[in-house]
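Hello,

Here is the structure I promised to pass on to you. Please have a look at it first, and then read my notes below.

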Amino acid sequence: MGIPGHPPSVEELRELEMLRGLPDWQVAWFCENAEYTHYDVDEVVINAGDEALHMFVVVRGQVCWEREVGGQWLTAGHSDLGVASGLLPYSRMTSFKGFRVRVTEAARVMSVHKDRFKEMLYVSHELGQRLVSAMSDRVRFQTRFQQQEEKMAALGRLSAGLSHELNNPAAAARRSALELLERLAGLPERVSNLMRHDLSPDHVRLAEALRSKAEGREDVESLSALDRSEREDEITDWMDDRGIENAWEIADAYVDAGVTAADLEEISADLPDSAVGDVLTWVEGELLAYRLLAEISTSTTRISELVGAVKS
């Protein structure tokens, strides 16, 4: 709350910027009519919402103006020694909206009640001119601060939008990368199962032909949900009939790749019956790996495009 104190000497007051160069008798008016208060560090001189009743001048120490932004108090500026602040003559200020004044270095503050403004200006016309200039400086400062706030608000909206736009491809790339790692972990087992069948180069070429056929399909995205479900059921039934394990899981990758049950029947006709399941499982792993890599590429490309747009 501050502790009331005795007025300083005329010699001390005339060193203040606001009173510098004024006759001693004009400076003496402030010794007799102003109030003086001592404040410790972190004490609040003015609270946000307080009624504007006084002009303040820091005689010793330092105070800062703080503005509440997003529930936090941010420093907007400091009051220099001897510079008038608070309510100034001719100002229409009625209260301190959104601002507070906090002591950052033990301070001694001089205050003049607005009821004494008329007498103060009558005593010193020169001081009146200085205070008008100070009010003009304040208007410029407030304008700059408001512009800065508007820029920060715009930056906040941009950041929120950019975060949202980046989050989707980043999350997709992460999901695909994790699934790819999981699939790669099971690769040695698939290779081992495949090698048990002593496949010929022609058999390997059949597996590659199936993968190549899948890569040439581009009509998968146009499938309706019903058509997709029917195709998946057909492939699952075909695999179940041949005793292939995890048929429903493998079928999903083949449907994504545009492969049909007819395609599988055509390829498997020239493969040993015992090897069909392991060959199709191997090809499914390749198809899924390529699909996941494509998703990672698409997602990271989108992130690069967003970053490039921000830079430009």
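Arg 108 counts as buried because its relative accessibility is 8%, and the cut-off for buried is under 20%. Please keep in mind that this is a predicted model. Arg 108 sits in strand E7. Leaving aside residues up to four places away in sequence, Arg 108 touches His 6, Pro 7, Pro 8 and Glu 12, then Thr 37 and His 38, and also Val 57, Val 58, Val 59 and Arg 60.

Next, the nonpolar cores. The largest one has 43 residues, and the members that touch the most others are Leu 13, Met 18, Phe 30, Met 55, Met 110, Met 120 and Leu 131. Which elements give two or more residues to this core? They are helices H1 (10-13), H2 (24-33), H3 (117-123) and H4 (125-185), together with strands E2 (35-39), E3 (44-46), E4 (54-69) and E7 (99-113). Another core lies apart from it and has 25 residues, including Leu 206, Ala 261, Ala 275 and Val 283. In soluble globular proteins, nonpolar side chains tend to be buried together.

Leu 178, Leu 181, Leu 184, Leu 187, Val 191 and Met 195 make a nonpolar patch of about 560 Å². Helix H4 and helix H5 (187-195) each give two or more residues to this patch. Leu 178 belongs to helix H4. Is Leu 178 buried or partly exposed? Its relative accessible area is 45%, so Leu 178 is partly exposed.

Best wishes

Methods: Residues are numbered from 1 along each chain as its sequence is written. This is a predicted model: local features need pLDDT of at least 70, side-chain atom pairs count only at pLDDT 80 or more; totals for chains, interfaces and linings use all residues. Side-chain values use heavy atoms; hydrogens and water are left out. A nonpolar core is a set of buried Ala, Val, Leu, Ile, Met, Phe, Trp, Tyr and Cys residues joined through side-chain atoms within 4.5 Å. Buried means under 20% relative accessible area, exposed over 50%, partly exposed in between (1.4 Å probe, protein chains only). Helices (H or I, at least four residues) and strands (E, at least two) are DSSP runs, numbered from the N terminus. Patches are made of residues with over 30% relative accessible area and no salt bridge: like charges are joined within 9 Å, nonpolar side chains (Val, Leu, Ile, Met, Phe, Trp, Tyr) within 5 Å. Accessible areas come from the Shrake-Rupley method with a 1.4 Å probe; for residues, only the protein chains shown count as cover. A salt bridge is a side-chain nitrogen of Lys or Arg within 4 Å of a carboxyl oxygen of Asp or Glu. Contact means heavy atoms within 4.5 Å.
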